[in-house]
Amino acid sequence: MKLRHALFCILLVLLVLPFAAAAQNNDSYRQSGNKTWPLFQGQTDETFAAWIAEQYTAPAPESLENPDKRLVIKFRVDEEGRVKSIEEMETPGEALMAQITGIMEKSPAWTPAVEGDKAVYTSYWLLIEPPYTDVRLVSRRTGKFIPPVFKGNGDVNAFRDWVMSKNSYPQSAGSKGL
C-alpha cells in the first residue's frame, strides 16, 4: 500500500512539474493553442494598462458629464504591433475619452500576436471605472467579460422596453398568453 502511494505521489509530481515551470516563463503566457499573444514592451499585455495609468491624470468627478459611468474603449493591436481602431464603447465624458485616446495613439509598438506563422491582430478593451484610478485591460485571453450597458440610462428594463417597442407580434399571440 505504501509503495502504491509513493508511486502515485511521484507520478503526480512528474505530471505537475512541467506545467509549474512553464507558468513562470513569459513564453507560456504568450502561447494559447497555435496563437501567440502580443507583448507590450516585452511583457504581458497587462503592462499596457499600467503604462496608460502612468500617462494619464484621473479627472475630477465634477468635470465629467456622467461621473457614474465607466470608460470602455475597444481597440486592436494590428499585425505590425500598432494600436489601431480605437473605438468608444462607453464614456463618462468626452474630455476623458480624448485624453485616453491621445495617450493610446502615442503607444510604443507591441510585439504582435502570431497565429501559425502569420502576424494577426488582437482585440482588447480598456476599462476604467469610477473613481477612474484603476486601469484594466480585458481580452479573450484573460477570460474576463465586460457586460454591455444599454445606451439609454443603463437600465435593463429600458433595454427590454426598447426591444419590445421594435417588435410586433400577431394579434393571436396576446390571446394565447405568449
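**View 1. Arg76 is placed over the ring of Tyr121.** In this predicted model, Arg76 lies over the face of Tyr121, 3.6 Å from the ring centre; a charge counts as over a ring if NZ of Lys or CZ of Arg is within 6 Å of the ring centre and within 35 degrees of the ring normal. Residues are numbered from 1 along each chain as its sequence is written, and side-chain values use heavy atoms, without hydrogens and water. Local features need pLDDT of at least 70, side-chain atom pairs count only at pLDDT 80 or more, and totals for chains, interfaces and linings use all residues.

**View 2. Ring pairs join Phe40, Phe48, Trp51, Phe75, Trp110 and Tyr124 in a cluster.** The whole structure holds 8 aromatic pairs (rings of Phe, Tyr and Trp, the last by its six-membered ring, with centres within 6.5 Å).

**View 3. Helix H3 (residues 46-55) packs with helix H4 (residues 94-105).** Their axes, lines fitted to C-alpha atoms over the stretch in contact, are 10 Å apart and form an angle of about 120°. Helices are DSSP runs of H or I with at least four residues, and strands are runs of E with at least two. Phe48, Trp51, Ile52 and Gln55 of H3 meet Ile100, Ile103 and Met104 of H4, with contact meaning heavy atoms within 4.5 Å.

**View 4. The peptide bond from Pro130 to Pro131 is cis.** Its omega is near 10°, and Pro131 belongs to the loop between strand E9 (122-129) and strand E10 (134-138).

Definitions and conventions
Rings of Phe, Tyr and Trp (its six-membered ring) pair if their centres lie within 6.5 Å; planes under 30 degrees apart count as stacked, over 60 as edge-to-face and the rest as tilted. Axes are lines fitted to C-alpha atoms, for helices over the stretch in contact, and angles run from 0 to 180 degrees between N-to-C directions.
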